[in-house]
Amino acid sequence: MTNAQFDKALAARRRRRQLSRLELAIAVVIVGVLIGILIERGNALMVQAEQTGVEQVEGQIRAAIGLAVASRVAKGQLAAAAGLAASNPMNLLQTPPPNYLGALSDADPAQIAPGHWYFDMRSGYLVYRVQHADDFATSLRGPARAEFEIRLRYRDANDNGRYDAGEDILYGVNFTRVAPFSWEGGSEK
């Protein structure tokens with residue numbers, strides 16, 4: 001092999017090595033982009049799963065309240081349904097969710113681990129501490145959370161702003177959100 005042939009073969013070999021480095025760099029960039037997309041999609045799925053879990057518990061409690069009111073109506077005790085307003089809605093469920101911490105007397109939302117439910121005995125609110133706070137919006141100050149309460153629907157005959165058995169007419173019992181909230185990409189309810 002002559003020097004010219006050797007130099008030519010060596011140059012071709014260098015070009016192949018440079019090409020493989022370029023291919024490797026392109027592959028690394030493509031893999032990086034794909035990993036970024038997977039992480040973003042995975043986060044969106046976790047947020048969606050959290051939203052669905054909250055809505056499922058909300059639905060279960062609404063159904064349990066409906067059954068409790070229907071039971072009282074069937075017994076001719078609709079006025080007794082007013083007692084539900086001061087109660088812990090989790091007590092109406094046959095089995096509370098596994099992430100329910102119980103009724104707490106001095107609950108500080110900042111001290112509650114995200115992803116958990118608890119009943120705040122002071123306010124009478126059922127509270128869910130949101131795990132994916134960056135994807136959640138509410139008007140409540142402090143840690144991201146959703147608060148719910150049992151409210152009576154009644155005609156306030158004496159206009160005093162509260163339900164008075166015997167004077168006011170009770171129409172029903174609702175499980176409502178204390179403040180509106182929304183999830184990223186979701187809708188305010």
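**Notebook: sheet, core and salt bridges**

I began with the S2 and S3 pair: four bridges join S2 to strand S3 (residues 125-129), and the two run antiparallel. The model is a predicted one, and I read it as such. Next I looked for a facing pair. Trp117 stands opposite Tyr128 in S3. Then I checked the turn. The hairpin of S2 and S3 has four residues between the strands, and Gly124 there takes a positive phi near 80°.

**The other side of S2**

I turned to strand S1 (residues 100-104). Three bridges join S1 to S2, and this pair runs parallel. Here Ala103 stands opposite Phe119 in S2. I then sorted the side chains of S2 (residues 117-120) by direction. Trp117 and Phe119 point one way, while Tyr118 and Asp120 point the other way. Buried or exposed, I asked of these four residues of S2? All are buried.

I traced the strand order. The sheet is open, has five strands and reads S1-S2-S3-S5-S6, with mixed pairing. Which are the edge strands? They are S1 and S6, and each pairs on one side only. I also looked up the twist, which averages 20° from one strand to the next. A reminder to myself: strands of a sheet pair through backbone hydrogen bonds, either parallel or antiparallel.

**Core**

I listed the largest nonpolar core and found 31 residues in it. Those with the most contacts inside the core are Ile61, Met90, Trp117, Leu126, Phe148 and Val173. I noted which elements give two or more residues to this core: H1, S2, S3, S5, S6 and strand S7 (181-183). Which element supplies the largest share? It is H1, with eight residues.

**Surface of H1**

I moved to the outside of the helix. I found a nonpolar patch on the surface, formed by Leu22, Ile26, Val29, Ile30, Val33, Leu34 and Ile37. Together these residues have about 650 Å² of accessible area. Val33 sits in helix H1 (residues 3-74). Its relative accessible area is 48%, so Val33 is partly exposed.

**Salt bridges**

I searched the whole structure and found five salt bridges. I started with Glu58 and Arg177, whose closest N and O atoms are 3.0 Å apart. Glu58 lies in helix H1 and Arg177 in strand S6, so the pair ties together parts that are 119 residues apart in sequence. Glu58 is buried, and Arg177 is buried too. I also found a network here: salt bridges link Glu58, Arg62 and Arg177.

The next pair was Glu147 with Arg145. Their closest N and O atoms are 2.9 Å apart. Both Glu147 and Arg145 are buried.

Then I took Asp164 and Arg162. Their side chains meet in a salt bridge at 3.5 Å, N to O. How do the two partners stand, buried or exposed? Asp164 has a relative accessible area of 14%, so Asp164 is buried. Arg162 is at 51% relative accessibility and therefore counts as exposed.

**Asp159**

I ended at a loop residue. Asp159 is found between strand S5 (145-155) and strand S6 (169-177). Asp159 counts as exposed because its relative accessibility is 66%, and the cut-off for exposed is over 50%. I checked the backbone as well. Phi of Asp159 is near 50°, a positive value in a residue other than glycine. Most residues other than glycine have a negative phi. I noted one distance. Asp159 and Gly142 are 17 residues apart along the chain, and their C-alpha atoms are separated by 34 Å.

Conventions
Residues numbered from 1 in each chain as written. Predicted model: local features only at pLDDT ≥ 70, side-chain atom pairs only at ≥ 80, totals over all residues. Heavy atoms only, no water. Buried < 20%, exposed > 50% of the residue type's maximum accessible area, 1.4 Å probe, protein only. Patch = residues over 30% accessible without salt bridge, like charges linked within 9 Å, V, L, I, M, F, W, Y side chains within 5 Å. Areas by Shrake-Rupley, 256 points an atom, 1.4 Å probe, with all protein chains shown as cover. Salt bridge = Lys/Arg side-chain N within 4 Å of Asp/Glu carboxyl O. Pairing = 2+ DSSP bridges. Axes fitted to C-alpha atoms, helices over the stretch in contact; angles between N-to-C directions. Core = buried A, V, L, I, M, F, W, Y, C linked by side-chain atoms within 4.5 Å.
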